[in-house]
Amino acid sequence: MAFSLVRRISRSLRTVTASRLMSNVPENTVYGGPKPQNPNQRVTLTQLRQKHKKGEAITVVTAYDYPSAVQVDRAGIDVCLVGDSASMVVHGHDTTLPISLDEMLVHCRAVARGAKRPLLVGDLPFGAYESSTIQAVDSAVRVLKEGGMDAIKLEGGSPSRITAARSIVEAGIAVMGHVGLTPQAISVLGGFRPQGRNIASAVKVVETAMALQEAGCFSVVLECVPPPVAAAATSALHIPTIGIGAGPFCSGQVLVYHDLLGMMQHPHHAKVTPKFCKQYAQVGEVINKALLEYKEEVSKHSFPGPFHSPYKISSNDLNGFLSELQKLGLDEAASAAAASAEKMESSASLSSQ
């Protein structure tokens with residue numbers, strides 16, 4: 001009896017000890033309790049900082065709809081940017097200026113449904129943050145609340161843009177900066193012109209990137225600047241730089257989905273595809289070929305054939321259907337139905353041989 005009691009006490013002590021040890025296990029989250037890291041979880045700013053600290057390159061690709069977001073997700077890309085470049089590659093404009101915040105939010109929501117792993121960053125379009133810090137914060141809040149994004153990106157490094165970035169960060173929203181060629185400023189820049197190609201411009205790129213870092217940005221895009229300028233900015237910052245047309249010395253790279261896949265064959269898109277973009281595929285040619293084959297098969301009545309006409313009606317029901325058509329005085333319709341059934345049966349027999 002005493003021995004049994006000792007055993008029960010011993011088991012209780014072991015349970016208590018195990019519980020206490022369990023309570024000392026480090027927790028990944030405040031509320032979730034200790035659990036292993038799931039590789040399919042959303043990429044976080046902490047993970048990006050860790051990659052940057054280790055010198056591992058950060059991958060960024062744009063996406064504008066559900067299908068492209070799913071592909072970016074499946075490829076294991078770190079950051080998915082819903083860029084205002086949608087204005088050009090999706091809506092067919094010559095610049096990024098026409099797209100509105102409401103249109104951007106539609107793209108953001110579609111991407112958020114498709115990309116479950118990458119950090120999601122939504123562009124603030126032209127006209128959505130220039131008027132005041134209140135407008136900037138309100139627009140950023142909408143991108144997170146209505147668009148389902150994790151962070152926002154804004155262009156430029158003027159004092160008002162730096163103030164806007166700081167205000168958005170202070171509102172609790174992560175911000176990615178963007179310097180160098182800033183497409184929303186082509187009115188001032190005189191077109192899509194590279195930046196940092198003389199002393200004053202190069203110094204400005206570095207100083208602007210540092211100012212955005214000081215404002216609290218977690219990363220800065222460097223667009224269309226010479227590689228030495230990008231290398232200098234990357235060295236001067238302790239946050240990641242993401243290059244696009246800025247050479248290989250940035251912390252990571254971003255390309256537009258349609259550009260890197262070679263999707264665009266129309267002269268308009270040839271005009272807006274940047275010189276710095278490497279096309280990793282010629283998807284546009286595959287699409288064109290498929291559409292031409294589809295057109296040809298439909299024109300020759302070879303599509304759809306039996307295999308792509310899967311829905312059947314039994315012989316008894318077909319005869320009953322023909323009888324009802326005849327009762328309605330639709331003899332020609334009955335003849336057409338009977339002839340089509342005979343033809344499909346004949347085609348199916350040929351296909352099976």
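A salt bridge here is a side-chain nitrogen of Lys or Arg within 4 Å of a carboxyl oxygen of Asp or Glu. By this rule the count comes to 8 salt bridges in what is a predicted model.

- K153 and D123 meet through their side chains in a salt bridge, at 2.9 Å from N to O.
- K153 belongs to strand β4 and D123 to strand β3, so this pair ties together parts that are 30 residues apart in sequence.
- Are these two residues buried or exposed? K153 counts as buried because its relative accessibility is 3%, under the 20% cut-off. D123 is likewise buried, at 2% relative accessibility.

- D102 forms a salt bridge with R142, and their closest N and O atoms are 2.9 Å apart.
- This pair links distant parts of the chain: D102 sits in helix α5 (residues 101-114) and R142 in helix α6, 40 residues apart.
- D102 is partly exposed, with 48% relative accessibility, and R142 is partly exposed too, with a relative accessible area of 28%.

**A salt bridge within one helix**

- K327 pairs with E324 in a salt bridge whose closest N and O atoms are 3.5 Å apart.
- Both residues lie in helix α14 (residues 315-327); they are 3 residues apart, so about one helical turn separates them.
- K327 is exposed, at a relative accessible area of 64%, whereas E324 counts as partly exposed at 43%.
- Turning to shared partners, salt bridges join D102, R142 and E146 into one network.

- Y294, V298 and F303 form a nonpolar patch on the surface, and together they have about 270 Å² of accessible area.
- Of these residues, Y294 is placed in helix α13 (residues 283-299).
- F303 also takes part in a cis peptide bond: the bond from F303 to P304 has omega near 0°. P304 is in the loop between α13 and α14.
- H301 is found in the loop between α13 and α14 as well. Phi of H301 is near 60°, a positive value in a residue other than glycine.
- H301 counts as exposed because its relative accessibility is 69%, over the 50% cut-off.

**Another positive phi**

- Where does C224 lie? C224 is in the loop between β6 (219-223) and α10 (227-236).
- Phi of C224 is near 50°, which is positive in a residue other than glycine.
- C224 counts as buried, with 12% relative accessibility, whereas H301 counts as exposed.

Methods:
Residues numbered from 1 in each chain as written. Predicted model: local features only at pLDDT ≥ 70, side-chain atom pairs only at ≥ 80, totals over all residues. Heavy atoms only, no water. Patch = residues over 30% accessible without salt bridge, like charges linked within 9 Å, V, L, I, M, F, W, Y side chains within 5 Å. Areas by Shrake-Rupley, 256 points an atom, 1.4 Å probe, with all protein chains shown as cover. Helix = DSSP H or I, 4+ residues; strand = E, 2+ residues; numbered from the N terminus. Buried < 20%, exposed > 50% of the residue type's maximum accessible area, 1.4 Å probe, protein only.
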